[in-house]
Amino acid sequence: MALSPAPASSAASGPASGVGISSAGTARPGDLPAVHDAIICVALPALAVCAEHGQLTGHGLEGVYLAGRRLLSRCVLRIAGREPVPLRGRRAAADRAVFTGVLRTAADAGPDPGLTVERTRGADGTERIVLRSSAARPLRLPVEIALATDLADLGAVAAGLPGPELAPSVHGTGLRWTTADGRYAAVTADPPPMDALAAAGLLRWEIELEPGDARGIELRVRGGDRTSRVPGAGPSGAGRPGGQVLAEARAEGDDPRLGDLLRVALDDLRALLQRDAASSDVHLAAGVPWRCGPVTAEALWAARMALPLGTRLAATTLRVLARTQLDGPGPESGRIPGPLRDAGPHLPPRCTGVEATLAFPAVLAEARRWGLPEQDLEELLPAAERCLRWLRAAADPSGFVPDPGPAGPWRAETQAHAHRAAVLGADLLDACGRPGGEQLRDWARVQRARFREEFWLDDPSGGRPVASRAPGGRSWPVLGGWAAHLLDTGLLGGGRYAPGLLDKAATEQLARLLGTPLLDSGWGLRSLGGKEPGHNPFGHRSGAVRVHETAVAVAGLATAGYEKEAASLLRGLVDAAEEFGYRLPEMYAGEQRTAGAVPVPHPAACRPAAVAAAAGVHLLTVLAGIRPDVPGGTIALQPVRSAPLGAVRLSGLRVAGGPFTVRVSRLGLGMVEEAPEGLQLGV
């Protein structure tokens, strides 16, 4: 299932690419429909999108989708010729939603409705409709469900070009739609309808209810082509990734929201799992509904943040990416391909393939610290070595890695990824008895010195990092959430974090800047400072709060000892999560927080999103300060000493494949309650 706002070879402005409203107030072709207020059920490759009223009307993105194809666009319930009055729609789980409505009947003398209607819909379109009577006398109710589909591709639906509805035929206990090329969708009903009218697309029943009785109707949706069902179709959920990909972790403590945050994060991460088309390996989709295609850099970052839930997801994601790696001679050998993405109002598009290539060795090195099995390490090490060789070859004579191509520019964020890859990659090569580690460390040392010269702008207030430089000397001294990556240095052995590009003084200054209202909105970190040219609170790279960057900033600040700034961003993100029902979107508006305000959603943000869901796991790991070194036989705890959210207990985590439980007191003291045999508590 994939919708890409632009092809991989071109620039795209992210999930909101091309969004705009014409002067007439109608969406232009190519616009993405707003989804911020939609209820989205996910169990990839299936998803269902609808409004809070629960009816599928075919408007916008509404419908049931399988592998990017809309199997059902309309499912409208009427009872005695009227639609139920919608009262509430809510997610019951990542893959399921419940809608409640009422209806007054002829037996109701006053204003109180005597009929309750509850609809439970799954991501695969399976729906259970229950009618409950509180009327004083028996009811005989005509019930009809209007069904339709266009079997349109998700991209066409998003662009406002779904095509006409198809003509159905009566099939079994329901209706079936078929295209000329053999694709089909079918809806079956239990109990069978009294009438099935193909011309009108209607299924009809006569429901008799005694006082206090309840009766139900179940609909099932399936689809495919002439020869087979699409894997994952139907209520069985066949084809869904199974097994223990992610551990059953729990959080509890003084702040009950942490338990909800982790529970929903796990639910969403599992819902976003999908199988690689070329293998049985699983990886996370970047986000729903727009980015459910091939593996991305975001999937790798999310797998990294989910390492406390086990190393299997990181291993399978790395394997999928390794299979895409470019080979053969030439300067591109070893690079992982990826599309260009918008980088905000000041910079040209960046290459997500460069990002994934630089992340690969770092994630593999950290997965080893968490206890990655030796067999997985041996299999993935050659791909990591190819990434590191590409890094050395891609660095220009200045020592910097250009992005997206040799012509540059040099981005500070890319240099942070490159430096982390070199330092952790060198550590990995040494540990595995492979050559090249010392050369990478030497390169990283030179890069640290050069970075201070080229990427730091001194001023009377203490200076600031420069976002990017061009080989010709031009610089972009705009400050935003990208700077958080300068604090993400990576985990080494013995619970130590690697050196970063910034010295102590620059790190302190950056921490101060990240804690100012220009960047800390009160709900999280703005992607571009509030006073920077081109700031837009809804711009996904020009002012919106990006959850991934905020989580990276919290971790980096806490690790560097700047707990006040880390705690402020942490509280803002947890407060925002509560307002979003703990299903954090990938981004939301960077409006300044005021008393009584709530975070403002971004209309086109993916929700759920892999990095946003994994951020919940990452934040809790940061609170507890878990720093494993399984090869070294130790695990260190460095909790946030101020315990900004009170006492917390994390159980069901995985280290070295075994259960791990940790408790942090209100005084910020950590204690391991359960750990695999052979691991000693480090300092």
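**Close-up 1: Pro628 and its partner across the strands.** In this predicted model, Pro628 has Ile635 in β32 as its bridge partner. In general, strands of a sheet pair through backbone hydrogen bonds, and they can do it either parallel or antiparallel.

**Close-up 2: The open sheet built from β31, β32 and β36.** Here three strands make up an open sheet, in the order β31-β32-β36, and the pairing is mixed. Look for the edge strands, β31 (626–629) and β36 (680–681): each of them pairs on one side only.

**Close-up 3: Helix α3 passing helix α5.** Now we hop over to helix α3 (residues 297–305) and helix α5 (residues 352–369), whose axes come within 9 Å and cross at roughly 20°. Because angles under 35 degrees count as roughly parallel, α3 is roughly parallel to α5. The crossing of α3 past α5 is left-handed.

**Close-up 4: Who meets whom between α3 and α5.** On the α3 side, Ala297, Leu300, Trp301 and Arg304 do the meeting. On the α5 side, they meet Thr352, Glu355, Ala356, Ala359, Phe360, Val363 and Glu366. Sorted by class, this contact has seven nonpolar, one polar and three charged residues.

**Close-up 5: Stretches with pLDDT under 50.** The protein chain averages a pLDDT of 92, with 93% of the residues scoring at least 70. Over residues 1–30, though, pLDDT stays under 50, and the model has 63 contacts beyond four places in sequence for that stretch. Residues 229–238 also stay under 50, with 26 such contacts in the model.

Technical notes: Residues are numbered from 1 along each chain as its sequence is written. This is a predicted model: local features need pLDDT of at least 70, side-chain atom pairs count only at pLDDT 80 or more; totals for chains, interfaces and linings use all residues. Side-chain values use heavy atoms; hydrogens and water are left out. pLDDT is the predictor's confidence in each residue, from 0 to 100. Contact means heavy atoms within 4.5 Å. Axes are lines fitted to C-alpha atoms, for helices over the stretch in contact, and angles run from 0 to 180 degrees between N-to-C directions. Helices (H or I, at least four residues) and strands (E, at least two) are DSSP runs, numbered from the N terminus. Angles under 35 degrees count as roughly parallel, over 145 as roughly antiparallel, 65 to 115 as roughly perpendicular and the rest as oblique. A crossing is left-handed if the near helix is turned anticlockwise from the far one by less than a right angle, and right-handed if clockwise. Ala, Val, Leu, Ile, Met, Phe, Trp, Tyr, Cys and Pro count as nonpolar, Asp, Glu, Lys and Arg as charged, and the others, Gly among them, as polar. Two strands pair if DSSP finds at least two bridges between them.
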